[in-house]
Amino acid sequence: MTEVITQERCEERFDLYRNDFEGNLPWPVFETKKTFNFIGQFFYVPIKKGKKNTIKNATIIFSEYFDFTDDRVFDSTLVHEMIHYYMKMYNIKDNDDHGDKFLSYAKYFNEKYNLNVKPLSYVGKGKDIERAEGTSKLKWIWALAKSIF
Ligand SMILES: [Zn+2]
């Protein structure tokens, strides 16, 4: 964890939004990672419980290279990953990674909490980074992320 992304901050915000999901959303592990590949990521291990598909080892990871000082940016990223968590946990099918179901949950949180949850919580790699020639990776990622949130 970092000075900005603390365990306390993660728990406090998670605890606020988890009440909006039906059923129980158990505590995930919160981690940070030095990566340019994503802003936030949801990690899990799929398991079968009887006939049901569910998950274990739920982990929400934040990029240490991204500026999470702003609460709205942090919360929007957290809720984005929480929607993935919820849908995987309860095996809720969608027509895409960020399909209609995902977007309807995002809309709900954006309206209720004035967040900016969007389908994109990663900032691209490979080609996109090459395109950023002349800008330092860090500056570029920051500028692009600003346009996402
Ligand atoms: Zn996503």
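A crossing of two helices is termed left-handed if the near helix is turned anticlockwise from the far one by less than a right angle, and right-handed if clockwise. By this convention, the crossing of α2 and α3 is right-handed. The legends below describe close-up views of a predicted model.

**Figure 1. Overall arrangement of the protein chain.** The chain comprises 5 helices and 3 strands. Read from the N terminus, the elements follow the order α-β-β-β-α-α-α-α. Of the 149 residues in the chain, 26% are buried. Among contacts with a sequence separation of 6 or more, 64% are between residues 24 or more positions apart.

**Figure 2. The open sheet of 3 strands.** The strand order is β1-β3-β2, and the pairing is mixed. Strands β1 and β2 form the edges, each pairing on one side only. From one strand to the next, the twist averages 30 degrees. Strands of a sheet pair through backbone hydrogen bonds, either parallel or antiparallel. Strand β1 (residues 29-33) and strand β3 (residues 52-63) run parallel and are joined by 5 bridges. Strand β2 (residues 40-49) and β3 run antiparallel, with 9 bridges between them.

Figure 3. V29 stands opposite T59 in β3. K33 has S63 of β3 as its bridge partner.

**Figure 4. The hairpin of β2 and β3.** The two strands of the hairpin have 2 residues between them. G50, in the turn, has a positive phi of about 60 degrees. K48 is placed opposite N53 in β3. The two strands run antiparallel.

Figure 5. Most residues other than glycine have a negative phi, and most peptide bonds are trans. N57 has a positive phi, near 55 degrees, and belongs to strand β3. Because N57 has 11 C-beta neighbours inside 10 Å, it counts as exposed; the cut-off for that class is 12 or fewer. N114 also has a positive phi, near 50 degrees, but its place is in the loop between α3 and α4 (127-131). With 10 C-beta neighbours inside 10 Å, N114 therefore counts as exposed.

**Figure 6. Packing of helix α1 against helix α2.** Helix α1 (residues 7-18) and α2 pack at an angle of about 55 degrees, and their axes are 10 Å apart. The two helices are therefore oblique to each other, and their crossing is right-handed. From α1, the contact involves R13, F14 and Y17; from α2, it involves D75, L78, V79 and M82. The residues of this contact divide into 5 nonpolar, no polar and 2 charged.

**Figure 7. Packing of helix α2 against helix α3.** Helix α2 (residues 71-89) and helix α3 (residues 100-113) pack at an angle of about 135 degrees, with 10 Å between their axes. Angles over 145 degrees count as roughly antiparallel and those from 65 to 115 as roughly perpendicular, so α2 and α3 are oblique to each other. Their crossing is right-handed. V79, I83 and M87 of α2 meet K101, F102, Y105, A106 and F109 of α3. The contact residues divide into 7 nonpolar, no polar and 1 charged.

**Figure 8. Helix α2 over the sheet.** Helix α2 lies across β2 and β3. The direction of α2 is at about 10 degrees to that of β2. β2 is an edge strand, and β3 stands between β1 and β2 in the strand order.

**Figure 9. L115 and its surroundings.** L115 lies in the loop between α3 and α4. L115 counts as buried because it has 22 C-beta neighbours inside 10 Å, the cut-off being 20 or more. Not counting residues up to four places away in sequence, L115 touches R72, D75, S76, V79, F109 and N110. The C-alpha atoms of L115 and V79 are 8.8 Å apart in space, whereas the two residues are 36 residues apart in sequence. V79 also takes part in the contact of α2 with α1 and in that of α2 with α3.

Notes:
Residues are numbered from 1 along each chain as its sequence is written. This is a predicted model: local features need pLDDT of at least 70, side-chain atom pairs count only at pLDDT 80 or more; totals for chains, interfaces and linings use all residues. Two strands pair if DSSP finds at least two bridges between them. Helices (H or I, at least four residues) and strands (E, at least two) are DSSP runs, numbered from the N terminus. Two residues are in contact if their C-beta atoms, placed from the backbone, lie within 7 Å. Axes are lines fitted to C-alpha atoms, for helices over the stretch in contact, and angles run from 0 to 180 degrees between N-to-C directions. Angles under 35 degrees count as roughly parallel, over 145 as roughly antiparallel, 65 to 115 as roughly perpendicular and the rest as oblique. Ala, Val, Leu, Ile, Met, Phe, Trp, Tyr, Cys and Pro count as nonpolar, Asp, Glu, Lys and Arg as charged, and the others, Gly among them, as polar.
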